[in-house]
Amino acid sequence: MRESTLWLAFMISAILLIGFGAYHILYFGSAMLSIPPGQTYHEKISYELVHERAKSLFFTVMYVVFLAVALYHATYGIRSSILEFTSGSRKGRVAVLVLAAIAILTFIYGCYAVIVTHLMAVGG
């Protein structure tokens, strides 16, 4: 893939991360503002509420997409730094391959955790 395409995807991922962050702050921030008198923060993030969110296909898909976007953004940023410091040497290319492998394994593990949690919540 051309470097300009990778860079454009990096910028798009930054915008998406801002969107995910804003949604998180609005969703969970409004939940914290709507705590009824006598209820604590810990009751608001209770197992039951987390379990309800885990049942939601929307949140399951959102978590997987967020994981993909965050991993791409971080991996591209670290890759760029590695290539800049190593000037494209063999060690730099090997480091980038190791970084890519770590990112792929992290994505697989993260997807597994999110999907299994969703399936357990819906009783599947």
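This is a predicted model: local features need pLDDT of at least 70, side-chain atom pairs count only at pLDDT 80 or more; totals for chains, interfaces and linings use all residues.
Which backbone oxygen does the side chain of His 118 reach?

Residues are numbered from 1 along each chain as its sequence is written, and side-chain values use heavy atoms, with hydrogens and water left out.

**The whole chain**

Begin by displaying the protein chain as a cartoon. Helices (H or I, at least four residues) and strands (E, at least two) are DSSP runs, numbered from the N terminus. Of the 124 residues, 24% are buried; buried means under 20% relative accessible area, exposed over 50%, and partly exposed in between (1.4 Å probe, protein chains only). Contact means heavy atoms within 4.5 Å. Among contacts between residues at least 6 apart in sequence, 73% join residues at least 24 apart.

**The core**

Next, select Val 64, Leu 67, Leu 71, Cys 111 and Val 114, which form the largest nonpolar core. Such a core is a set of buried Ala, Val, Leu, Ile, Met, Phe, Trp, Tyr and Cys residues joined through side-chain atoms within 4.5 Å. Helices α4 (57-86) and α5 (90-122) each give two or more residues to this core, and α4 gives the most, with three. Centre the view on Val 114: leaving aside neighbours within four places in sequence, Val 114 is in contact with Thr 60, Tyr 63 and Val 64.

**His 118**

Now select His 118, located in helix α5. His 118 is buried, with a relative accessible area of 12%. The side chain of His 118 reaches the backbone oxygen of Ala 54 at 2.8 Å, which answers the opening question. Beyond neighbours within four places in sequence, His 118 is in contact with Ala 54, Lys 55, Ser 56, Leu 57 and Thr 60.

**The surface**

Finally, switch to a surface view and select Trp 7, Leu 8, Ile 12 and Leu 16. These residues make a nonpolar surface patch of about 390 Å². Leu 16 lies in helix α1 (residues 3-33) and is partly exposed, with a relative accessible area of 40%.

Definitions and conventions:
A polar contact is a pair of N or O atoms within 3.5 Å; within protein, one must be able to donate a hydrogen and the other to accept it, and residues adjacent in sequence count only if both atoms are side-chain atoms. Patches are made of residues with over 30% relative accessible area and no salt bridge: like charges are joined within 9 Å, nonpolar side chains (Val, Leu, Ile, Met, Phe, Trp, Tyr) within 5 Å. Accessible areas come from the Shrake-Rupley method with a 1.4 Å probe; for residues, only the protein chains shown count as cover. A salt bridge is a side-chain nitrogen of Lys or Arg within 4 Å of a carboxyl oxygen of Asp or Glu.
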